[in-house]
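Please open the model in your viewer and keep a selection panel at hand. The stops below are meant to be visited in order.

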Amino acid sequence: MAELAAPAVGDWDFPRGTASIELMTRFAAERGLADLLAETTLTPELLADPAVQVDARQELAVVRALAQLDGSDAAALELGRRYRVTTFGIFGFACISSPTLRDAMLFALRYFDLSFAFCIPHVVVGADRLTLELDDSRVPADVARFLVLRDLAAIFAVMRDLLPGITLDELTFRHETSTPEEYLAAFGVRPRFGADACRATLDPELLSRPLPQANDQTVALCAAQCEALVTRRRQRSGISQQVRERLVRLGGVDAGMDEIARQLTLSTRTLRRRLTEAGTSYRALVDEVRQTLAEELLDTGVLSVEDVAYRLGYAEASSFIHAFKRWTGMTPAAFARRFRAARRGPRGR
């Protein structure tokens with residue numbers, strides 16, 4: 001058994017295009033659900049611009065909003081099936097133009113940070129099976145199940161676009177369910193639940209199967225464009241990370257945009273413009289860092305809600321509780337209980 005190739009990134013926190021968020025907002029609108037963008041800095045006009053990139057945590061906020069409105073397995077699976085090759089733009093066209101399924105998988109892993117996934121895939125090839133396992137160990141516990149289902153359903157939908165008629169041999173999930181028929185409709189196979197990992201297995205001979213839309217010239221052109229796109233995204237996302245790092249050093253305490261700009265030897269106006277170009281804002285980054293630190297502090301089980309609020313620079317615990325509910329849809333106390341319960345699951349997360 002050997003890994004086909006390591007994914008280009010080992011974590012979900014990479015900049016993204018807006019196609020996935022736009023897809024989720026349409027999905028919610030079709031079901032008469034609330035506006036998923038209400039708690040973000042995103043606008044419909046911004047989503048309509050294909051050149052815009054967003055911070056991964058902005059997409060995560062949209063996922064959370066959707067999961068809070070309808071976090072059912074059926075919704076996650078149906079949402080995942082909406083992700084088709086065309087959703088991924090030039091990245092998708094490169095995959096579908098690849099000579100074989102192996103080539104498409106290698107390309108997808110090489111440019112994985114052009115996808116919209118939160119769970120990281122690992123593809124292992126053996127003599128008698130091809131195994132795809134999703135790693136959700138870094139995904140926030142409150143949306144982990146929803147994203148595992150969405151991401152795997154999306155991967156399988158794209159694989160069917162690449163190679164029509166492709167089937168899975170086996171499928172396992174860590175969680176349990178009372179509605180296995182929903183999974184059968186999505187994957188064409190009845191999964192086994194309560195397993196040690198989210199894992200799909202296929203016939204390894206599929207790797208050498210020629211793809212019906214293979215085209216050497218197209219894939220070469222797409223590969224060059226993907227390389228340029230990845231390079232631009234990594235360069236543009238740097239400013240977000242620099243601000244994030246400084247806020248983390250301050251323990252989430254808001255020093256003010258003027259002070260952060262001074263530390264970066266930028267004018268406040270320039271910092272604001274560069275953050276806008278990166279698809280985020282100073283206020284969004286402050287909230288992001290505070291939320292991350294709050295979740296880590298609450299997870300220790302040592303600090304009270306009041307202590308966490310004080311450490312994050314809130315004058316009153318009530319302000320922190322209000323902000324935390326806006327971020328996650330639950331109180332800090334409820335989150336701490338749910339997160340610790342999730343970590344006691346089969347993998348001890």
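Predicted model: local features only at pLDDT ≥ 70, side-chain atom pairs only at ≥ 80, totals over all residues.

Residues are numbered from 1 along each chain as its sequence is written, and side-chain values use heavy atoms, with hydrogens and water left out.

On a 1 Å grid over the protein atoms alone, a cavity is a set of points where a 1.4 Å probe fits but cannot get out, and lining residues have an atom within 4 Å of a point. Grid points are joined across faces, edges and corners, and a volume is the space filled by probe spheres set on the points. Select Phe-91, Ala-108, Phe-112, Ile-155 and Val-158, which are the closest to its centre of the 24 residues that line it. Next, colour helix 5 (89-96), helix 6 (101-110), strand 2 (120-125) and helix 7 (141-162), each of which supplies at least two lining residues; helices (H or I, at least four residues) and strands (E, at least two) are DSSP runs, numbered from the N terminus. The largest share, seven residues, comes from helix 7. By class, the lining has 20 nonpolar, two polar and two charged residues, where Ala, Val, Leu, Ile, Met, Phe, Trp, Tyr, Cys and Pro count as nonpolar, Asp, Glu, Lys and Arg as charged, and the others, Gly among them, as polar.

Move to helix 10 (residues 238-249) and helix 12 (residues 268-277), and look at the contact (heavy atoms within 4.5 Å) in which Ile-239, Ser-240 and Val-243 of helix 10 meet Leu-271, Arg-274 and Leu-275 of helix 12. The residues of this contact divide into four nonpolar, one polar and one charged.

**Stop three: the largest pocket.** A pocket is an open set of points with protein on both sides within 12 Å along at least five of seven lines. About 1,100 Å³ of space lies in the largest one, and of the 44 residues that line it, Arg-57, Leu-60, Arg-64, Gln-291 and Glu-295 are the closest to its centre. Select helix 13, which gives the most to this lining, with nine residues. The lining of the largest pocket has 16 nonpolar, ten polar and 18 charged residues.
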